[in-house]
Amino acid sequence: MLSELASGKRVAGVKQSRKAIREGRAKRVYLACDADRAITEPLAAECARAEIPVETGCTMAQIGTACRVAVGASVAVLLR
């Protein structure tokens, strides 16, 4: 699944991801399993309300690498 994130249009980070979810631009959301739950749980709830699929089987380092950022990312969004 991370290959789809790595090759598609995406945003990484909490603020940009939340904005994409609220604007209806999110196709799929990736939440890191090792991220702080205080960050990921509200985003997961927003995704559930908007019926956006969520992937949780990857780490912050894996998401950061897929998004080509030098640090880990707790959340990333694959855009429509």
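The structure is a predicted model. Its protein chain holds four helices and four strands, and along the sequence these follow the pattern α-β-α-β-α-β-α-β. A search of the whole structure finds six salt bridges.

**The chain as a whole**

- The protein chain has 80 residues and a radius of gyration of 11 Å, which agrees with the value near 12 Å that a compact globule would have.
- Along its principal axes, the C-alpha trace spans about 30 × 25 × 20 Å.
- Of the 80 residues, 36% count as buried.
- Among contacts with a separation of 6 or more, 79% come from residues 24 or more positions apart.

**Helix H3**

- H3 has 14 residues, and the distance from its first C-alpha to its last is 19 Å. This is close to the 20 Å expected at 1.5 Å a residue.
- Thr 40, Leu 43, Glu 46 and Cys 47 are buried in H3. Seen down the helix axis, the buried residues fall within an arc of 125 degrees, so they line one face of H3.
- Arg 37, Ala 38, Ala 48 and Arg 49 are exposed, on the other side of H3.
- The N-terminal end of H3 is capped by Asp 36, which has a side-chain oxygen 3.0 Å from the backbone nitrogen of Ala 38.
- Just after H3 comes Glu 51, with a positive phi of about 60 degrees.

- Side chains of opposite charge can pair when their charged atoms come close.
- Arg 18 and Glu 46 form a salt bridge through their side chains, at 3.2 Å from N to O. Arg 18 belongs to helix H2 (residues 14-22) and Glu 46 to helix H3 (residues 37-50), so the pair ties together parts that are 28 residues apart in sequence.
- Arg 18 has a relative accessibility of 23% and counts as partly exposed.
- Glu 46 has a relative accessible area of 11% and is buried. The cut-off for buried is under 20%.

- The side chains of Glu 4 and Arg 28 meet in a salt bridge, at 3.6 Å from N to O. Glu 4 is in helix H1 (residues 2-7) and Arg 28 is in strand S2 (residues 26-32), so this pair ties together parts that are 24 residues apart in sequence.
- Glu 4 counts as partly exposed, at 26% relative accessibility, whereas Arg 28 is buried, with a relative accessible area of 18%.
- Glu 4 and Arg 28 also belong to a network of salt bridges that links them with Lys 27 and Glu 55.

**Salt bridge between Glu 23 and Arg 25**

- Glu 23 and Arg 25 form a salt bridge in which the closest N and O atoms are 2.8 Å apart.
- Glu 23 is partly exposed, with a relative accessible area of 45%.
- Arg 25 is partly exposed as well, with a relative accessible area of 33%.

Key: Residues are numbered from 1 along each chain as its sequence is written. This is a predicted model: local features need pLDDT of at least 70, side-chain atom pairs count only at pLDDT 80 or more; totals for chains, interfaces and linings use all residues. Side-chain values use heavy atoms; hydrogens and water are left out. A salt bridge is a side-chain nitrogen of Lys or Arg within 4 Å of a carboxyl oxygen of Asp or Glu. Helices (H or I, at least four residues) and strands (E, at least two) are DSSP runs, numbered from the N terminus. Buried means under 20% relative accessible area, exposed over 50%, partly exposed in between (1.4 Å probe, protein chains only). The expected span of a helix is 1.5 Å times one less than its number of residues. The arc is that of the directions from the helix axis to the C-beta atoms. A polar contact is a pair of N or O atoms within 3.5 Å; within protein, one must be able to donate a hydrogen and the other to accept it, and residues adjacent in sequence count only if both atoms are side-chain atoms. The radius of gyration is taken over C-alpha atoms; the globule rule is 2.2 Å times the number of residues to the power 0.38. Contact means heavy atoms within 4.5 Å.
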